[in-house]
Amino acid sequence: MSSREEILRKIDIVEVISSYIDLKKVGSNYSARCPFHPDDTPSFFVSPSRGIFKCFGCGVGGDAIKFVALYENISYSEALIKLAKRYGIPLKIREDRKDSKVIHILELVADYYHNALKKSPHAVDYLKSRGVSSRSIQKFRLGFSPSSEELVNFLRKEGLIEAYEKTGNLVKIDEGIYRDLFTGRVVIPIRDERGRCIAFGGRVLYEGKPKYINSPESEFFKKREVMFGLYEGKDYIKDMGFAIIVEGYFDVISIHDEGYKNTVAPLGTSFGEEHAKLLSRYTKDVILLFDGDSAGKRAIRQTAPYLLSQDIKVRVAYLPEGEDPDTLVKRDKELLRSILEGAKDIFELFIKMLREGQKEALKDLVYFAGFVKNKVYQHDILREASQVSGLALSALYDQLPKVQRKEEKEEDEKLTYAERIFLLGLMKLGKEEYLKDVLLSPNAMRIAEYILSGDYHLVPESVKNAKVYDLESAFLASFEMLKIGKEEFKEGVKSIKDMREKSSQQVVRFRRRI
């Protein structure tokens with residue numbers, strides 16, 4: 001059996017790479033314009049003596065196998081097999097057969113959607129109107145679902161309809177009648193770290209609700225364990241030394257197209273512990289690129305604690321109000337570049353704000369410091385904050401955020417589904433004004449208090465990962481279920497105490513702390 005090292009010794013890296021791009025001899029090496037980022041001057045070099053390539057523009061580098069993997073957007077092992085076949089080198093690869101049939105079907109459906117996009121002028125026009133390049137369409141294998149009937153016909157022809165139904169992407173309406181979840185949507189394949197298609201995301205063309213949907217979670221697809229763009233960007237993250245986190249599919253796609261291939265995003269769910277652990281395998285430095293408005297700051301407060309607890313440095317880059325990475329990279333690339341280059345360490349940012357007299361920054365600094373894994377570093381942060389603010393170091397230690405107690409975690413399981421959705425909407429949509437009109441259980445009230453005070457780390461996973469098709473609609477439906485009837489508050493009718501005693505489940509009216 002040929003090892004990876006043996007294969008690399010037998011193939012010529014110059015021959016391999018020159019089969020994809022034009023190389024020019026420069027002394028004992030070769031150069032070219034980098035195929036992985038916009039490159040005006042040759043910054044891509046190949047060293048035949050060392051058997052490696054390196055771009056001094058974007059930082060990517062590696063051996064011949066890695067080049068093929070990056071260029072063809074396939075996994076490293078797939079590139080290894082491809083080169084072994086091309087050069088007639090015997091190779092045995094031990095394959096993991098778990099879920100292999102389902103993965104195979106998902107890959108076939110991804111190809112079906114991709115081919116359907118090419119035949120759908122209005123879907124192509126939509127992507128063009130969003131500035132999505134043909135290069136990105138190919139790289140991310142974007143697709144389109146024209147109709148349920150066409151997908152069903154394709155699956156029947158392949159004899160795969162029953163097997164595909166188990167993924168939850170195809171819903172059986174009646175005998176022989178099915179509905180494709182993604183009909184009429186641009187379809188985005190979701191890949192795991194190995195590059196396997198494990199699910200899909202769908203974006204409605206132009207207007208409609210919900211704008212985005214994802215495949216249902218399954219044994220091999222859990223949103224909280226997957227990041228969009230990680231498969232395409234993991235090698236760039238390693239080479240460049242940091243990752244950029246944004247919020248949406250098209251943010252990742254657009255920003256990759258402009259050379260920021262180390263960009264990733266969670267899949268329509270709150271960033272959590274599993275996401276941070278996943279990223280920590282590739283980098284210890286992350287830039288959060290979010291809006292500068294209240295929603296963006298809320299997203300940073302939800303995301304940073306998990307990264308800090310994995311010993312990952314967090315830098316913050318605020319976008320201009322009303323902009324997102326997708327729109328800004330098309331409107332003003334240089335501004336986006338300067339924003340990223342000017343990203344500040346989260347603690348340096350708060351210290352700077354304190355020095356400028358913004359006293360409210362101290363509360364945020366202490367909150368985030370509570371999640372720093374390195375206690376020596378944590379002490380240094382608090383000591384500097386003490387010096388700048390004039391508050392005693394011991395007082396700052398006393399204000400570090402608490403962790404959730406075991407009994408609170410157990411109580412969280414008693415939340416109703418309506419309460420979970422209401423709390424999720426409160427956290428993600430920021431609809432605080434609805435609180436005055438609802439009755440919440442004591443557990444839900446406590447969690448709502450955490451959300452209002454920004455203690456998102458105390459919000460249970462059962463809320464953060466609540467399954468919902470359209471959050472805004474589901475939030476309003478939950479609000480209606482939890483809403484207090486006006487007749488309950490007619491003069492002299494009932495007190496809150498009376499209402500709590502009457503209810504089979506203890507309920508209280510939520511009142512925000514002042």
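Does Glu323 count as buried or exposed, and why, is what I'd like to start with: which is it, buried or exposed? Glu323 counts as buried, because its relative accessibility is 13%, and buried means under 20% relative accessible area, with exposed over 50% and partly exposed in between, using a 1.4 Å probe and protein chains only.

Quick housekeeping. This is a predicted model, where local features need pLDDT of at least 70, side-chain atom pairs count only at pLDDT 80 or more, and totals for chains, interfaces and linings use all residues. Residues are numbered from 1 along each chain as its sequence is written, and side-chain values use heavy atoms, leaving out hydrogens and water.

Okay, back to Glu323. You'll find Glu323 in the loop between strand S16 (313-319) and helix H14 (325-331); helices (H or I, at least four residues) and strands (E, at least two) are DSSP runs, numbered from the N terminus. Setting aside neighbours within four places in sequence, Glu323 is in contact (heavy atoms within 4.5 Å) with Asp291, Leu328 and Arg331.

Now zoom out. The protein chain has 25 helices and 19 strands, and of its 514 residues, 52% count as buried.

On to the cores, meaning sets of buried Ala, Val, Leu, Ile, Met, Phe, Trp, Tyr and Cys residues joined through side-chain atoms within 4.5 Å. The largest nonpolar core has 63 residues, and Tyr164, Phe200 and Leu289 have the most contacts inside it. Helix H5 (residues 100-118) gives the largest share of this core, eight residues. A second, separate core has 43 residues, including Val316 and Leu382.
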